Every structure is written in structure tokens, then in C-alpha cells.
Amino acid sequence: MTLPQATTKHAQLVAEIRHHDNLYYTEARPTISDQEYDRLYRALADLETEFPGLATADSPTQRVGGEPVKAFRPVQHQVPMLSLDNTYSQEEARSFVKRVQKLLPNATLAWTVEPKIDGLAINLRYENGALISGATRGDGVTGDDITSNLKTIRSIPLKFFGAKNPPRVLEVRGEAYMKRAGFKKLNTGRIAAGEEPFSNPRNAAAGSLKQLDPRITAQRPLDAIFYGVGHYEGEETFATHQQWLQHLKALGFKTPGKIWLCQSEDELFAAIDQLDKIRHDFEYETDGAVIKLNDFAMREEVGYTSKAPRWAMAYKYAPEQLQTRLNDITIQVGRTGVLTPVAELEPVFLAGSTIGRATLHNEDEIKRKDIRIGDTVTIEKAGEVIPAVVGVVESKRPANAAPFDFFQHAGGKCPVCGGPIARDPQYVAWRCQNLQCPAQATRRVEFFTARGALDIESVGGIVADKLVEHGLVREPLDLFNLTLEPLGALNLGTEESARMFGNKNAEKALQAIERAKTAPLSRWLFGLAIPEVGKTTALQLATFHDTIEDVAESPLLRDVIAYHEKIEQARQARREQSDQHQQLKSEAEAAAQRLIGAGFAEKSRRKNEKEAGINTELGPVVAHSVLDYFGSPNGKEVLRRMQALGIHPKSQKAAASKAEQPFTGKTFVLTGTLPMLTREAASSRIESLGGKVTGSVSKNTDYVLAGAEAGSKLDKAQALGVPVIDEAAFLKLCGPF
């Protein structure tokens, strides 16, 4: 195909896809199947791959993707985005109507009533029919540029199709929101993953649009409705709000589906009541009705305050609430190990469904509201997948209701595996610390694939979560059974906004998985998340064992356990003047000699004790943990599967003793970015040569390895006189790889 032919074909495909996007996302009346749409989209993507110059910014293929931004740049609105005065009182709303009539004493007023969408106010700027930028309202004068994120919303036109004479400039204003069904599904997934659910669709939408990575935004079920105009430069003129909305719809914008035109105050409040009765059937959350003068000339005459127009008001509906008894609080564990408290309620009927459970979010939320088991609580359903407890009726509190203690209530352990739990301050949550916990499959897979472990590209974060969610992976070793077709077809988005992993990414991931089969033994020992085995411990084990099977049956670890058990038994026998004292001491010394001979221990003399002892590379706690892991049914299954999958970790057994390693006893601090080595690679090299890596510089630091943009650590090293070396000097010290 020639370039001119490709250009013609590209224009045809773009026009056809835009047409179907408008039918599906804006008018909700699709005329082709999803499969047929996907065929058109793939044809366009393939064409742009073959002819990259055709992939313009307004192409349908550019809606999803783009690299993360470092920060949102400010955008100044040409016409300020004012807020609306609002009220919950019908009396105040009637007073508002009378005030406007008083300002226009001789006019016959016509009003529009439309749903107040509970979302995030946005402003889109188009020039000559093409989307130039999209921004949040911000402070009304300056907002944040979120163009890349807004482009992921399919109902937003990137270009006005079919417009013969588009306006030179059009700033259109509306609300980005999250659909009810999509919000429910999103929160269900977050709860299953052990993440805190979003409190309401508005927060979910706002958080999604302020992501620095538009690929994350593309996974969220977002939409947008437009109802107003800021700056406008065009040939056509419009006298009323209704005419503007009709024009916006003709340009391809999604506008409010239900609008009332009211000629009197009575009609206006009848419309507000009617909207309240039907608003729960909308695909989006509404928290009120927006009342506006329909006539633009009258609006200009009525004018504005510094914050809001005098010709419009938001009438807000009171949220539906009920009181019920909190019978208990249960703890759920999600795929990432986060423990989430859930209120078990006396069932009540609220907003169309029976509610028996409600989210309590986290420990801090329970403390802030002082929620106690046995309380009468107020619950509210405002779109949450699990309705929330909004408050406590303290006058109905039982005398024996005690403040809730999360740790004590959980018994200090994970309710699924019985493992230890700890509070994660970064996420204001309690988390199960046992990576072998059956409930947290995603966390195990993420840990296994991390750079410090098996370093499997493209299989962390959302990919790991989706692999678990779709049943392709349950345990880390399941990764080695993945094949191209299902991995490439993995949907990283939602049903409403699909985003496939793709064959190219799948091939890259499968290559990384294959490389992991011969990754260093230390990385495997660390990646398996064996209790008590960190990176340093894993490296020490790998230095003294050839294979993972050697570690599983390690005589060195058995001697560590035997030495400590026998020496303690010998001391006890000596205190009891038992005849076994000498025999036990001899057995301990025999184990010590074997460890010293292998280089796994060195002689030492404990302070205030006559007898000599040994210092071992690893203590009895680690030794027990490693042998217990590989001796357990799970550990035995791991070894069996590794053999069956042809996984043979690379040996790191030291050819020389630790005493002969160049960095023995040396402490390094790393700072800045190195030209070739990652920080993980440099740290691994230091540790494999007997050295230690720490995070802060002190007088005991031997070397500071500094790269580009080194910070305060470099300044401190120079002040203390600590040697500073670059990557070239470091590699020279390391010797040949």
C-alpha cells in the first residue's frame, strides 16, 4: 500500500470509528457489534504501525496510552469557571426565583431544570474543531491541564465530525463522572484486592482524572456530560440555553439526557420533584437539580457575584439515610494483604435494596467516628458498592459498648492465615505480613516479579492484579505456564473501557519469564518470600549452596540449629551437674568445626564467658525458617514444580572464602544515578563480594558510590572525608565479573 492509499484508508477508518463512538458513547444506540468495532480499531492501529506519520493526536488510537507526566501544568481559563450557589431548602429556592423576578420585573421568565451531576467540573478548549486542551476548574481562574487523561473518555470528541463550519474557538464546560455500574465493579475489585474502596463516584472520578499516568485513567469507567460554554468565537449565535445544548449535541457532545423547560415557579418545583423520583435510574450519581434562566440576554442583565451567577442555583436533595444496629465488625483480607473492617448490620431496606453490611474503610475512620459494636449507626447509600456508616447515634449507645481496638479485635493476627499483622502508615491500613497467606495472591506475584527479586518485566502492578483476577495466575510459579495468546488478550481495563496487554508486551514478558529460570539463586530465595529471608540472607545462602535443593536439605543450616541446641543443652547439663554435659559439649563443638571448615562460621569469645563460641553467617531462627519452609507441603510443591518447569537458578557459590573477598568488612553508600548499573545491580555486586550496603553516610562508611545528581549524601561524605568513587572506579575495585 502506498502512502496516498494509506492516507485515504486512514481517513475512512477514522471517520467510521468516530461515527460509531458517537453512537455508542454519546447516543447510547450502537449499530455494530463489539467484534466489528474491534476489527475497525485493529485495522486503524495496524495502519498507523505501518505508517507512523498517520497517527495524529486526534486519532482514536491515541485515547489510551501516553507516558506518565511529571506534574500537571496550570491552565488559565479565558472565561472564569464560577461555582453555583446551592441550597437544601425549597423555601430558599423559591426566594431565589423571586429575587431574579425582582431584577427583571417586566419579564416573563423561563427556567431550565437539569440533573446536577456529582462529578468533576472540566473545561475543554477546541480550536477549529480540534481538541487543544482539557482542564479542571481549579480555583475558577486557573485549573490543571489533564488533557491526556480526558482523551481516554470515549464520549469526548477529539474532533468535530460532520461540522461544516466549526467555531474558531469553543470552550465547552461539563462534568466528568464515573458511571454507577462501573463504580460498583471498580470498588468490588478494590475490596477483593484488599484496597480501600472509593467512598463515592465523585471521589473516584476526581482521583482517576488526577492520575499522572493516563494509562491508569483509561482503566476507569469514566464519562462526561456537557451543559455550558465559556469562551466562544464562531459564526452562529444562540439566544437560549436550550439552543446551545442542541448545538453541542450536534457537534458530538453528550448533553444531559433529561431537561425540563418551565414557564412558572410551580412548573419549576414540579420538575425538581419529578427529577428526584427518577434520578436513581440514571447511569450517573446526581445530588440535586440545577435551575437556570433559559434566556441568555436575561442572564447578562441579572449578572454575577464574584463567585457565582445570579441567574442559576443548585437545589440539593437530602441523602437517604436510615438508622440500624451494628451487630459486629468483621475483618476481610484482600489480594494485597490489606485488612479491611466491615460493619455487620441489622438488615434494613434503603434506596431500593436491603443493606446488611457497610464499609468502615479503615481504623482511623472508626476512631474518628467513635464507632463501637452494639451502637445504633446511621447509614447512607450514595452509590457505594457497600454503603457507608456516616455516624453514630450516641444517645442509643449501650452502657457496655467499648471503644474499638483493631489489633485486639483481630487477635493480633490475620483472620485467614493466622500470620502476624502490622500497621502500614503509608496507606493508613493494617496488613498481613505473611506473603504465603492464601488470601493475598497479587502481593505474592508482585513480590516475586519485583526488580529486587526475579526482575520480570511488565508483570508487576496492574498486570499482576489482572492475571490473578482473571484466574491466569494464582501462585508465582503459574507465571511459567503462561502462553502468548491469553497473556496478549489480557484486559487491563474494564468492560466499558477495554485495554489489552497486547502481543508485543506479552512477548516481552514471556522472554523475561524465560530468563528468570536461570536467575541467580539468591534472587529465587528472596522472591519465594521465605519468612526471615531478606536480600542479604538470600545472598549469604546462595554463596554457600550450589542449588535450591541444596538449600532445602542444607547440612550447614542443620549444623547451625544443632550447634545452638547442643550448646544450650550442655550449659543446662552443667548447671545441673549432669554427666551428659561433656557429651553435649563435644557434639556442639563438632557442629562448630564443620561450620568453620565450610567458612559458614568463625571462632569468637563471648564477653564474661570462659568458653569460646562461634559466629555463624545465619542464626538458628533463619535456619529453622528455611528448613521448615522447604519441609512444608507448600515448599515441597515449589521444588517439585521448579523441577517440572525446568527451572535451575544460577549458582553463586563462592570460589573463595569470605575472608578472601575484596569487600569483606567494607560498608558502601550509594547515591545518584549510575551510567550503566542499576542500584540493585550495584548493591548485589557489593554484597556478593562480601561488602555491606547502608542508607546513610557516617564515619564508619568506607566508600560512597556516587552517580549523576548525587544529593546530600555526597556532601556529607566530603565533609567527613569518606572516599567517593564513580562507577568506573567501583568496577575496577570489583575485578572481573
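The paragraphs below treat the sheet, the salt bridges and a single helix in turn.

The model is predicted, so local features are reported only at pLDDT of at least 70 and side-chain atom pairs only at pLDDT 80 or more, while totals for chains, interfaces and linings use all residues. Residues are numbered from 1 along each chain as its sequence is written, and side-chain values use heavy atoms, with hydrogens and water left out.

Helices (H or I, at least four residues) and strands (E, at least two) are DSSP runs, numbered from the N terminus. Five strands make up an open sheet of mixed pairing, in the order 2-11-10-3-9; two strands count as paired if DSSP finds at least two bridges between them. Strand 2 (86-87) and strand 9 (260-262) stand at the edges with a single partner strand each, so one side of each has no neighbour in the sheet. Within the sheet, strand 3 (residues 111-117) and strand 10 (residues 286-293) are antiparallel and share seven bridges. Ile-117 has Thr-286 of strand 10 as its bridge partner. In general, strands of a sheet pair through backbone hydrogen bonds, either parallel or antiparallel.

Helix 9 (residues 265-278) packs on this sheet, where it touches strand 3, strand 9, strand 10 and strand 11 (312-316); contact here means heavy atoms within 4.5 Å. The direction of helix 9 makes about 160° with that of strand 9. Axes are lines fitted to C-alpha atoms, for helices over the stretch in contact, and angles run from 0 to 180 degrees between N-to-C directions. Helix 8 (residues 241-250) lies across strand 3, strand 9 and strand 10, and runs at about 50° to strand 3.

Side chains of opposite charge can pair when their charged atoms come close. With a salt bridge defined as a side-chain nitrogen of Lys or Arg within 4 Å of a carboxyl oxygen of Asp or Glu, the count comes to 35. Helix 11 (residues 363-369) holds both Glu-363 and Lys-367, four residues apart, about one turn of the helix. Their salt bridge has its closest N and O atoms 3.6 Å apart. Buried means under 20% relative accessible area, exposed over 50%, and partly exposed in between (1.4 Å probe, protein chains only). Glu-363 is buried at 9%, whereas Lys-367 is exposed at 54%. Helix 11 also holds Arg-368 and Glu-365, three residues apart, whose side chains form a salt bridge at 3.0 Å, N to O. Of these, Arg-368 is exposed at 59% and Glu-365 is buried at 18%.

A further salt bridge joins Arg-575 and Glu-568 at 3.7 Å, N to O. Arg-575 is exposed at 54%, and Glu-568 is partly exposed at 40%. Elsewhere, salt bridges with shared partners link Arg-125, Glu-127, Glu-171 and Arg-173 into one network.

Which residues of helix 26 are buried? In this helix (residues 727-734), they are Glu-727, Phe-730 and Cys-734. Seen down the helix axis, these buried residues of helix 26 fall within an arc of 60°, so they line one face; the arc is that of the directions from the axis to the C-beta atoms. They pack against strand 21 (667-671), helix 24 (679-688), strand 23 (703-706) and strand 24 (724-725). The face of helix 26 turned away from the buried side carries the exposed residues Ala-728 and Lys-732. Just after helix 26, Gly-735 takes a positive phi of about 85°.
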